Amino acid sequence: MFITEEKLMSREWPILVTGAAGSVGAVGRMVVEILRQRDLPVRALVHREDERAEALRAVGAEVVVADLTRGADVVRAMDGCRRMYFGMSVSASYVAATVTAAAAARAQGNMEVLVNMSQMTVSQMSLTSTTESAQQRLHWLAEQVLDWSGLPIVQIRPTVFQENPLFTAFAASSIAKEGTIRLPFGSGRTSPVAARDVSEVVATILANPSSHIGKVYELTGPRSQNLTAMAAEYSEALGRPVTYVDVPYQQWLDQELSALGLPDHVFEHIATMARLHSEGRYDRVTHDVEQIIGRPASSVRDFVADNPALFQS
């Protein structure tokens, strides 16, 4: 019988999953759940002890509370782990956390794979590019650090999550209220990817990493389209009319994004994502999701059909 890496993996070596209690997309949490469904040992790193930590324990994960920017915390969390997923919420401390994780992994000396959550814009960035957000530049720097580290790295670059606030806090809200998608994307095309698909990609790599080491995977939805076409997918899934309203960018910033009261770093990141959408920076399609998990990427229509409550007033 053919023996896979997954079957050979020792129960004594838990897979470390950071950002396991994260919010947008909740990739870390879903990676934990998928790995546990495969009966693989998981150590879930969370920033604080709360009900989300208890939910992770309920699926059989070991939970450790740690700060990714504190070396002693990361060394303690990583002890005995040979495979790791690194993901972190939008934060000005992103590079500090990445460097700390890389230094701890190098010091430990036996890491089999470190799967890093990056983002698609990095593929179009350079040391001198200036049009991206501070967070996007931190992702670019983080990839440089990991590439220099000599560790067995796999880079994951999604376009934009279907669960991103652009499509939930904004599009879902205006659809529920008036049957419109109100965003400043102009005629820009985009290919949002489902967080569940990204999580399945990450879990698949962690379970059987050897053929993926050194690879960069760029993850998109099944098609790239403008917001008028996307509105048609929303309409089909919901069974009611949905249209796209192109809101002037500055008006959207002043009246809609500002109303969320976000921290400056997060505000600037989402504002930049909206601008880059209008400039065509998210007009990308790949088949990496299907290549790794064996099924096509989920469509916008799939996401809406699976989450109808988001779009009800």
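How many aromatic pairs does the count come to by the ring rule? I found that the count comes to 4 aromatic pairs, where rings of Phe, Tyr and Trp (its six-membered ring) pair if their centres lie within 6.5 Å, with planes under 30 degrees apart counted as stacked, over 60 as edge-to-face and the rest as tilted.

I note that this is a predicted model, in which local features need pLDDT of at least 70 and side-chain atom pairs count only at pLDDT 80 or more, while totals for chains, interfaces and linings use all residues. Residues are numbered from 1 along each chain as its sequence is written, and side-chain values use heavy atoms, with hydrogens and water left out.

**Ring pairs.** I looked up phenylalanine 170 and tryptophan 252, whose ring centres are 5.1 Å apart with planes at 55 degrees, so the pair is tilted. This pair links distant parts of the chain, 82 residues apart, with phenylalanine 170 in helix H7 (residues 166-178) and tryptophan 252 in helix H10 (residues 249-257); helices are DSSP runs (H or I, at least four residues), numbered from the N terminus. Both phenylalanine 170 and tryptophan 252 are buried, that is, under 20% relative accessible area (1.4 Å probe, protein chains only), against over 50% for exposed and in between for partly exposed.

I then took tyrosine 234 and phenylalanine 311, where the centres are 5.5 Å apart and the planes at 75 degrees, so this pair is edge-to-face. Tyrosine 234 lies in helix H9 (residues 227-238) and phenylalanine 311 in the segment after helix H13 (300-306), 77 residues apart. The relative accessible area is 2% for tyrosine 234 and 0% for phenylalanine 311.

**Cores and H8.** I looked up the largest nonpolar core, which has 40 residues, and those with the most contacts inside it are Leu35, Val115, Ile156, Val198, Val202 and Leu206; a nonpolar core is a set of buried Ala, Val, Leu, Ile, Met, Phe, Trp, Tyr and Cys residues joined through side-chain atoms within 4.5 Å. Helix H8 gives the most to this core, with 8 residues. A second, separate core of 31 residues includes Ile175, Ala231, Tyr244 and Val247.

The buried residues of H8 include Asp197, Ser199, Glu200 and Thr204.

How values were computed: Helix = DSSP H or I, 4+ residues; strand = E, 2+ residues; numbered from the N terminus.
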